[in-house]
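Okay, everyone, thanks for making time.

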Amino acid sequence: MGQADKLISMYDTMLDALGPSHWWPGDTPFEIAIGAILTQNTNWKNVEKAITNLKNNGLLSAKAMYALDPSEMAELIRPAGYYNIKTKRIRNFLEFIKVEAGFDLLQLKKYSLNDLRPKILRVNGIGPETADSILLYALDFTTFVVDAYTGRMMNRHGLSYEGIDYHELQALFMDVLPEDVALYNEYHALIVRVGKDWCKKSKGLCETCPLQSYLD
DNA sequence: GACCAGGCACATC
DNA sequence: GATGTGCATGGT
């Protein structure tokens, strides 16, 4: 089987086994974007607590968060860890939304993906995964999200190698998959779900993994 | 108590 | 250009 067929087949297998993911977990594009920053190297359960704190204080809008005192923001997002650096990163992103979109995140859709992605990547604290998560899940742009689970899964299946660059790994998908935002959305979601339950860092529970039949 | 979790920037060589 | 380190909470 060729690379393209294999990646499509693995997608079908995961979807059959797990059902649709309905990602990203979040009510609004803005909440999704903030969640993308908060979940950097952090368990999603901790992020949920931080988002709940923000929501309970009516702060899940760009204007409200922009007006919030940084020390108060840090206290509210504390459960998500790295709360001081993440406060700075969120504030950098809010400044970006203000300047580029007048506090209306969806106005960013006035740009093409190729114009917008480098702009977002210039925000200090937003790297390729966070940028692609915002672009795909908050703004519906067709860009593939690569994360630690993606690399691990591809390595264990012999489709990648240790130390591969983010964009090289991303290209493995984007060069062969049809340009379909719903497909990109669901594929990354399925990889994370398989990663959380089976393709863990220390112990791979490969015997029961939905992708078990694809292992050598 | 060690290890891990949906990264990123920065210092140092 | 490669490699190492700080950032921090909460669950297993």
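Let's start with a helix pair. Helix α7, residues 113-121, packs with α8 at an angle of about 135°, and the axes are 9 Å apart. That makes α7 oblique to α8. The crossing of these two, α7 and α8, is right-handed. On the α7 side the contact uses L113, L116, R117, I120 and L121, and on the α8 side P128, A131, I134 and L135. Sort the residues of that α7 with α8 contact by class and you get 8 nonpolar, no polar and 1 charged.

Before I go on, some housekeeping. This is a predicted model, so local features need pLDDT of at least 70 and side-chain atom pairs count only at pLDDT 80 or more, while totals for chains, interfaces and linings use all residues. Residues are numbered from 1 along each chain as its sequence is written, and chains are lettered from A and ligands numbered from 1 in the order in which they are written.

Now the terms. Helices (H or I, at least four residues) and strands (E, at least two) are DSSP runs, numbered from the N terminus. Axes are lines fitted to C-alpha atoms, for helices over the stretch in contact, and angles run from 0 to 180 degrees between N-to-C directions. Under 35 degrees counts as roughly parallel, over 145 as roughly antiparallel, 65 to 115 as roughly perpendicular, and the rest as oblique. A crossing is left-handed if the near helix is turned anticlockwise from the far one by less than a right angle, and right-handed if clockwise. Contact means C-beta atoms, placed from the backbone, within 7 Å. For the classes, Ala, Val, Leu, Ile, Met, Phe, Trp, Tyr, Cys and Pro are nonpolar, Asp, Glu, Lys and Arg are charged, and the others, Gly among them, are polar.

Next pair: helix α2, residues 29-38, and α3, at an angle of about 135° with axes 10 Å apart. That makes α2 oblique to α3. The α2 and α3 crossing is right-handed. Here E31, G35 and L38 in α2 meet V47, A50 and I51 in α3. By class, this contact of α2 with α3 has 4 nonpolar, 1 polar and 1 charged residues.

So how do α1 and α11 cross? Their axes come within 10 Å and cross at roughly 65°, and α1 and α11 are therefore roughly perpendicular to each other. The crossing of α1 and α11 is left-handed. Y11, M14, L15 and L18 of α1 make the contact with E186, Y187, L190, R193 and V194 of α11.

A quick stop at the loop between α1 and α2, where H22 lies. H22 isn't a glycine, yet has a positive phi of about 55°. W24 lies in the loop between α1 and α2 too, and a cis peptide bond joins W23 and W24, with omega about -5°.

On to domains, with bounds from an automatic or database domain assignment. Chain A is divided into domain 1 (3-22 + 144-214) and domain 2 (29-138). Their centres, taken over C-alpha atoms, are separated by 25 Å. In the contact, 7 residues of domain 1 meet 6 residues of domain 2. The side of domain 1 that touches domain 2 has 5 nonpolar, 1 polar and 1 charged residues.

A residue is near a strand if its C-beta atom, placed from the backbone, lies within 6 Å of it. Around DNA strand B there are 27 residues, and the closest are Q40, G127, T130, A148 and K201. The elements giving two or more residues there are α8 (128-138), α9 (148-156) and α11 (181-197), with the largest share, 4 residues, coming from α8. The surface near DNA strand B has 10 nonpolar, 12 polar and 5 charged residues.

And which helix gives the most to the surface near DNA strand C? That's α6, with 3 residues. Residues around DNA strand C include N41, K45, R78 and Y83, and the elements giving two or more residues are α3 (44-56) and α6 (83-101). By class, the surface near DNA strand C has 4 nonpolar, 6 polar and 2 charged residues.

How values were computed
Two residues are in contact if their C-beta atoms, placed from the backbone, lie within 7 Å.
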